[in-house]
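Work through each task before reading its solution.

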Amino acid sequence: MNTLTPILSSPGWELLESLQARQETNPMPLRELGAALRASGIEADLAAGVLTQLALRQAARAKFGPFASHMVFTRDGLEQATRLVVAARHAQRFRASGARRVADLGCGIGADALAIAGLGLDVLAVDIDPEAAGAVAANLRDFEGAQVRLGDVMDLDIAELASEGVDAIFADPARRTGASRGSARITNPEDWSPPLSAVLGWAHAIERVGVKVAPGIAHDVIPADWHAQWVSVGGDLVEASLWSPALAPEGRGRSCLLLDEAGAAHALSSPEGMAANTPAERVEVAPLGAFIAEADPAVIRSGLLGRLADKTGAGIVSDKIAYLTGDDLPDNPFYDRFEVLEVTNLRAKAISAALTSRDAGSVEIKKRGADINPDELRKSLKLGGGSAQLTVIATRLAGRHRAIICKRLPKNL
Ligand SMILES: C[S@@+](CC[C@H](N)C(=O)[O-])C[C@H]1O[C@@H](n2cnc3c(N)ncnc32)[C@H](O)[C@@H]1O
């Protein structure tokens, strides 16, 4: 049964909207609200549907801010939806390319479709899942130039879409297994739905194609002349996306884009003209310097750590270990920087002694290339209850496991 049915028609919709407005001025715990709805004789399916939407809207604020209060979600749809700050970037690419009508093929609840429509472009949103199609239709309700279709995108004739005026395609293939798709991630892009090769092939009929992919995507499956971009928000790697040349003003290659919740951005790109599928550059190992830095995960996954190392005069602490180091590492938005205080054996006793002598009261533990459990190490540390906040980085230096006691430096950029 389509669980959205009760709230997507009258009088369910009106009930949802009035309760949403009430929750915003005078919030009531949902459990109490449920009891009140049942007591007032509201049908069980409708009460459940309304309460679910109110709860999903609340949860969706993390991705959509205040817009969430006016949107319709399914649980899976919310989980898979692109956060607004990133969807807005996708939409901006379409608008800047001159696209007029974008097909969002596998649109889910429509975060991307909504951002595209919000920039004034027409949208054709297609999904195979009736609940997603119902939700996206509700989410696009205010946009005259938006259309929703229920169907399998693999059955579409892309040339026919072009003849309907579609001049750009966005796809965000489903990448999870199981009926609820709530569990395992599918790593092989050919097992995604639709498969990556099908999406890339659509560019033969419509030249503007963008596709959101898993950040772990292997570089060698990216078409050489496309642009691949890894995006992190507030330090969390949230996606990678591939853009056909017609949607990539920056040219072919790879980049990473760091966004904060306020929308501020920093971008780092591969050298001009580099093929997007070029293997990641090797980074030179350097002796541990006065500073150690941890690059944003988008830098690491995009294979641009070498580029960052070149720009900042850094090396890595050991082969294949993505900590940068140097005696003079400048402040930089692409990494977190730490001042090296001391290096000890990677043993709780040695680390505790070093931390205590430096008046540590709290400690963050990081690791790369060292097989330790940070939570267990933390429990076994004996701190003196001082006031300093320090960092312990467990890693390998010159072939030996070491603990680097350091102090996080503030970012001023
Ligand atoms: C990752 S979600 C899309 C999320 C969307 N970009 C957003 O931000 O809200 C993928 C969607 O593709 C749909 N899908 C998967 N295979 C499909 C197919 N063959 N035809 C149409 N839709 C499909 C799923 O039902 C799911 O809603």
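**Exercise 1.** Determine which element gives the largest share of the lining of the largest pocket.

*Solution.* 
Step 1. The model is a predicted one. In it, 50 residues line the largest pocket, and its volume is about 1200 Å³.
Step 2. Two or more lining residues come from each of helix 4 (75-80), helix 6 (111-118), helix 7 (130-139), strand 5 (209-213) and strand 7 (236-243).
Step 3. Helix 4 has the largest share, with five residues.
Step 4. Nearest the centre of this pocket lie Gln-80, Asp-172, Pro-173, Ala-174 and Arg-175.

**Exercise 2.** Sort the lining of the largest pocket and the shell around the ligand by residue class, and state which space the ligand takes.

*Solution.* 
Step 1. In the pocket lining, 21 residues are nonpolar, eleven are polar and 18 are charged.
Step 2. The ligand takes the space of the largest pocket.
Step 3. The shell around the ligand comprises eight nonpolar, seven polar and five charged residues.
Step 4. This shell has 20 residues, and those that come nearest to the ligand are Thr-82, Asp-127, Asp-152, Asp-172 and Ser-193.

**Exercise 3.** How many cavities of 30 Å³ or more does the structure hold, and what lines the largest cavity?

*Solution.* 
Step 1. There is one cavity of 30 Å³ or more. The largest cavity holds about 40 Å³ of space.
Step 2. Its lining consists of Val-86, Arg-89, His-90, Arg-93, Gln-229, Val-231, Glu-239, Trp-243 and Leu-257.
Step 3. Helix 5 (84-97), strand 6 (227-233) and strand 7 each give two or more residues to this lining.
Step 4. The most comes from helix 5, which gives four residues.
Step 5. By class, the cavity lining has four nonpolar, two polar and three charged residues.

Notes:
Residues are numbered from 1 along each chain as its sequence is written. This is a predicted model: local features need pLDDT of at least 70, side-chain atom pairs count only at pLDDT 80 or more; totals for chains, interfaces and linings use all residues. Side-chain values use heavy atoms; hydrogens and water are left out. A residue is near a molecule or strand if one of its heavy atoms lies within 4 Å of it. On a 1 Å grid over the protein atoms alone, a cavity is a set of points where a 1.4 Å probe fits but cannot get out, and a pocket is an open set with protein on both sides within 12 Å along at least five of seven lines; lining residues have an atom within 4 Å of a point. A molecule sits in a cavity or pocket if more than half of its atoms lie within 2 Å of its grid points. Ala, Val, Leu, Ile, Met, Phe, Trp, Tyr, Cys and Pro count as nonpolar, Asp, Glu, Lys and Arg as charged, and the others, Gly among them, as polar. Grid points are joined across faces, edges and corners, and a volume is the space filled by probe spheres set on the points.
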